[in-house]
Amino acid sequence: MAIAARTCTRPTQGRGSVAEREENPYRPGFNQPPLVFAGRADVLDGAAEALDIAAYDGRTPRPLILLGPRGVGKTVTLGEISALAAERHGWPTVHVEAKLAGPFLSDLTAGLHGAGRLLAGADLDRRKSRIRVTGGKVEARAFGVGGELQFDAERPEGPAPNLGATLAETMRIAIERSAGLVLTVDELQNAEPGDVSMLFGVIQEYVPNGWPLVIALAALPTLRENRGRRRLPTYLERAEWHDLDTLPPTEARQALVGPAQQAGRPMTPGAADALLGHAGGYPYAIQVAGHFAWRASHGSRAIGVDHARAAVPKIEADLAQLFRSRWDDASPREQEYLRAMAAVAGRGEVPRGGPVAAELGAPVTSVSYLRARLLRKGTIYREAGGALHFITPGMGAWIRARDRED
């Protein structure tokens, strides 16, 4: 999904003249697709196989579940799966984000209703891009439509539509048009367990019908806490689970240097080494590092080591905002638990309930409630083997540095 950098012109404020501006190719904002999508090959391979199963084998493949801390690209990867479905098959995507205490099922039903309406009136022979249905609004960027149109996916008057009936009707329309459907759900950990059970109970009921339906879900690692406790439907236990974490060194470097190269201001190896030393393989931090290095190199033909060094204070300040917001959201006792986790990790050990409690000088049972609170808040997550991690990579080092300053 490489996009060449654009050169824009706009008046210089207060001077009345026009100055050229080279667009910054790095995108550290939330749900901003990077110019270079590096890594996640296993996920996209799994998605491609699921699409082929649905399109050619006439059966509904098992769902894909993407788990990972914030900032590792789960939402962007869902978008890549949508783009893959559009490019290979011309299929639309219905996307819903689960919100705490939000109308998850009603938003999904409205989105499916809107997708069915759009499919029913679409000229599939002229498709060029994709449909994306978000909540109660349909963004149409497909089927030869120029520009971007928006259609209100209004709920029918009268009683609330039935999810199963709406899904069945949408799939009937898709099949009639020789198409299929992709359903993506983000932030699944926020959905009420009853809503999740209802949704996948409906899907499990219709699996024997062989619908061309591909489902991809994204959630924080805390979703694993629900496995085996009958909070997640057994249907999802057989899903294809993918753990998204930091990028390996080669792919992290590709994500960092690729946008600058495409934008015509390449990054020197020394600059990349310096920036990766601060960003590591954390995808969000990579975008932040590239963003400020690009800004520091304005007027230069390349991003060099001096530009990288000049960007470091801004990179650290930007990332600190992530850590500070989570730290401030913790109670004093919870902060003590986080500090103990950081201390254990700083010694090169894997933080677990026992070592963290020992760091606090307390029995495990007397501080387990703090761990449970932090897990519920999404500040930390626990692996299947009991290892504890900060949901935002780098927070442990930030806590240790903060304590040294204090």
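Trp398 is buried, with a relative accessible area of 15%. Buried here means under 20% relative accessible area, with over 50% counted as exposed and values in between as partly exposed (1.4 Å probe, protein chains only). Trp327 is also buried, at 2%. The model is predicted, so local features need pLDDT of at least 70 and side-chain atom pairs pLDDT 80 or more, while totals for chains, interfaces and linings use all residues. Residues are numbered from 1 along each chain as its sequence is written, and side-chain values use heavy atoms, without hydrogens or water.

The whole structure holds 5 aromatic pairs. Rings of Phe, Tyr and Trp (its six-membered ring) pair if their centres lie within 6.5 Å; planes under 30 degrees apart are stacked, over 60 edge-to-face, the rest tilted. Trp327 and Trp398 form an edge-to-face pair, 6.2 Å centre to centre with 75° between the planes. Trp327 lies in helix α10 and Trp398 in helix α14, so the pair ties together parts 71 residues apart in sequence. Ring pairs link Phe323, Trp327 and Trp398 into a cluster.

Helix α10 spans residues 305-328. Helices are DSSP runs (H or I, at least four residues), numbered from the N terminus. The 24 residues of α10 reach 34 Å from first C-alpha to last, close to the 34 Å expected (1.5 Å times one less than the number of residues). α10 bends by about 35° at Val312, and Pro313 follows within four residues. The bend is the angle between axes fitted to the seven residues ending there and the seven starting there. Buried residues of α10 include Ala311, Val312, Phe323 and Trp327.

Methods: Helix = DSSP H or I, 4+ residues; strand = E, 2+ residues; numbered from the N terminus.
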